[in-house]
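Open the model in your viewer and keep the selection panel at hand. The tour moves from one selection to the next and says what to look for at each stop.

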Amino acid sequence: MEKITGEVKFKEEKIVQIKEAIKNILDLKKEIEANLEKEITQILEICLAGSIVLNASDIHIEKEEKKARMRIRTDGMLHDVYYFEFKTYHGLLSRIKLLSKIKLNITDRAQDGRFTVLFGDLPIEIRVSVLPSEYGESIVMRTLNPESLIEIEKLGVREDIFEVLKKEIQQPNGMIIVTGPTGSGKTTTLYAILKRIQSPEIKIITIEDPIEYHLKGINQTQVNVKKGYDFANGLRAVVRQDPDVILVGEIRDLETANIALQAALTGHLVLTTLHTNDAAGTVARLQALGEKAINIAPAINLAIGQRLARKVCKKCAVFSKISEQELLFFKKNFKELPKKIKDINPVFASLAQQEKQVFPALARSQIKIPKIEQELKIPHAKAEGCDGCNFSGYKGRIGVYEFFLNDSEIENLILKSISISDLRKAAREKGMVSMREDGLIKVLQGETCIEEINRVTMEE
C-alpha cells in the first residue's frame, strides 16, 4: 500500500482480503486486535477499510479517562468497536492530523481537515473534525462514499407522491426545500434529484459547505467564510453564471433566503435545505429569518419534510400477527388521514367494520398495502439481531416523508401569514400525509417496525 500525506491508497488484493475478513463490527474488532502490534498506519488502515466495507457514515475516536473509545455509525446509530490504549490513540491522532493537514501542535481549539481514501478505483473523501475535550482531543471522521448516493427511485418515496416529485423537479423555476434535522437525509435527497435531472441541456451549479460528493457534469463551489465567501456572496456570483438549476446547501440567514427566493422567482429552479420540524413549518421558518410572505408565497413549489428510519433486517426480522393493541394503534394514527384520500384503498376495511364507521383510506390505488386485519403480519426487529446486521436487528434505512405542495389556495394563505397549524390543516385537507403516517404505511409494507417509526417521528 502506498501512503502519501493527504491520501491513503489500497491495492485491490488488500480490498479483497478486508472484504472477506470483515462482515460485521465484531469482525472489525478482531482485525484491529490482530494488528495492534503493527505500525499505526496499518491500524488506521484497518479502521478506515473496515468502516468502508461496513457502510459506516462516521468513525469516532474519543479519549476517555483511562482509554480511548472507537465507535462507528451505521444506519444512523453508533456502535462501540474498540478501546485503545493511550499510546495507540496518540499515534492515531497524529497520523490522522498529518493526513488531514491539521496542525499537530494545536490541541486547545477545534480544527477541520480532510483526506482521500482510494479504495480500488473508488475515491472516498474523509472529512475530519478534531475537537478538544475533557481528557484530550476527540476525532470524528465522516466517510463520504460516492457509492452511498442512490437513485431517486430508491429513496423510499411513496408511489403517489413520487409522481408529484417527478413533476416538480422538472419545473423551470421555483424552489424545492427539503427540511429536517441533521442526519435526516436531506443532502442525499437533493443529490438524488440532481442525478435525475442532470443533462447536457441544462447548467447546474451548487454552493455547499462543504462539498460532500463530487458529481460529474455539475459545477460545484464551496463556501469559505474566512475569506468572505459565504452562501449569500456565493449565491450572488452563481446567479451571474446563468444556471438553470441552483443547489444551495442550506439557508441559514435572511440574506441567503432573499437571494435564493429571488432566483426562484426569476427563472431558476432552486433546491435547498432548511432546519424545521416538518414541511409546513418551512414558511414560518423563512418568516422567522425575516423574509416577507409576499416573496415566499409565489417562490415555493414544494417543501419536503423527511426522516430516516432503519429498515428491519430481512435476514432475521420476525413477522408476527398484528395484536389487538397494534390494531388500535393503527386506528388512532390513521384516523386523521386527509379526506381527499379516503375511500380509494380498502386497506382499512376490517377496522372500519370493527368501529362501524367509514375509516379513512390511504392514497391512490397504486399504493400497494395489505389490508389491516387480524391475520396481517407486521415486522419486528429481532432483539439480538444477527451477524448480517451487526446484531442490531436493523439493516439499511428508508426515508419517511411529507410533501407540502404549494398551489394558488395555499399561496393565498401564506400571503395572509396564517399560523403553522392552520397552514398544516389546509395542506392536510388537500391530501398531505404526515411523516408519521407515511412511516406506518411502510410498516404495513414490511419495511420497518412500529418502534422505529415512534423513534423518528412525533405523535400528532
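Which elements do the buried residues of α5 pack against? They pack against β9, α6 (186-197), β13, β14 and β17. Buried means under 20% relative accessible area, exposed over 50%, and partly exposed in between, with a 1.4 Å probe and protein chains only. Helices (H or I, at least four residues) and strands (E, at least two) are DSSP runs, numbered from the N terminus.

Before going on, note the ground rules. This is a predicted model, in which local features need pLDDT of at least 70 and side-chain atom pairs count only at pLDDT 80 or more, while totals for chains, interfaces and linings use all residues. Residues are numbered from 1 along each chain as its sequence is written, and side-chain values use heavy atoms, with hydrogens and water left out.

**Stop 1: helix α5 and the sheet**

Select residues 159-168, helix α5. Its buried residues are D160, I161, F162, L165 and E168. The helix lies across β9, β13 (269-274), β14 (300-312) and β17. To β17 it runs at about 65°. Axes are lines fitted to C-alpha atoms, for helices over the stretch in contact, and angles run from 0 to 180 degrees between N-to-C directions.

Now show the open sheet of seven strands. Read across it in the order β11-β10-β12-β13-β9-β14-β17. The pairing is mixed. Two strands pair if DSSP finds at least two bridges between them. At the edges are β11 (219-222) and β17, each pairing on one side only. From one strand to the next, the twist averages 20°.

Zoom in on β10 (residues 204-208) and β12 (residues 245-248). These strands pair in the parallel sense over four bridges. Pick T206 and find L247 of β12 opposite.

**Stop 2: two cores**

Next, select M70, V117 and M141. They belong to the largest nonpolar core, of 41 residues, and touch the most other members. A nonpolar core is a set of buried Ala, Val, Leu, Ile, Met, Phe, Trp, Tyr and Cys residues joined through side-chain atoms within 4.5 Å. Helix α3 (residues 40-53) gives the most to this core, with seven residues.

Center on M141. Beyond its neighbours within four places in sequence, its contacts include L44, L48, I59, I61, F115 and V128. D58 and R127 are also among them. Contact means heavy atoms within 4.5 Å.

Then move to the second, separate core, of 38 residues. I251, L274, A279 and I300 are among its members.

**Stop 3: salt bridges**

Side chains of opposite charge can pair when their charged atoms come close. A salt bridge is a side-chain nitrogen of Lys or Arg within 4 Å of a carboxyl oxygen of Asp or Glu. The whole structure holds 28 salt bridges.

Select D58, R73, R127, R142 and E212 together: a network of salt bridges links them.

Where do D407 and K430 lie? D407 is in the loop between β17 (394-405) and α13 (408-415), and K430 is in the loop between α14 (420-429) and α15 (435-444), so their pair ties together parts that are 23 residues apart in sequence. Their salt bridge spans 3.0 Å, N to O. D407 is partly exposed at 29% relative accessibility, and K430 is partly exposed at 30%.

K430 also forms a salt bridge with E409, with the closest N and O atoms 3.2 Å apart. E409 sits in helix α13, 21 residues from K430.

Finish with E384 and K382, whose closest N and O atoms are 3.9 Å apart. E384 is partly exposed at 49%, as is K382 at 31%.

**Stop 4: Q287**

Select Q287 in helix α9 (residues 281-288). At 27% relative accessibility, Q287 is partly exposed. It touches A293, I296, I414 and S417, not counting residues up to four places away in sequence. A257 is 30 residues from Q287 in sequence and 9.8 Å away in space, C-alpha to C-alpha.

**Stop 5: confidence**

Color by pLDDT, the predictor's confidence in each residue, from 0 to 100. The chain mean is 90, and 92% of its residues reach 70 or more.
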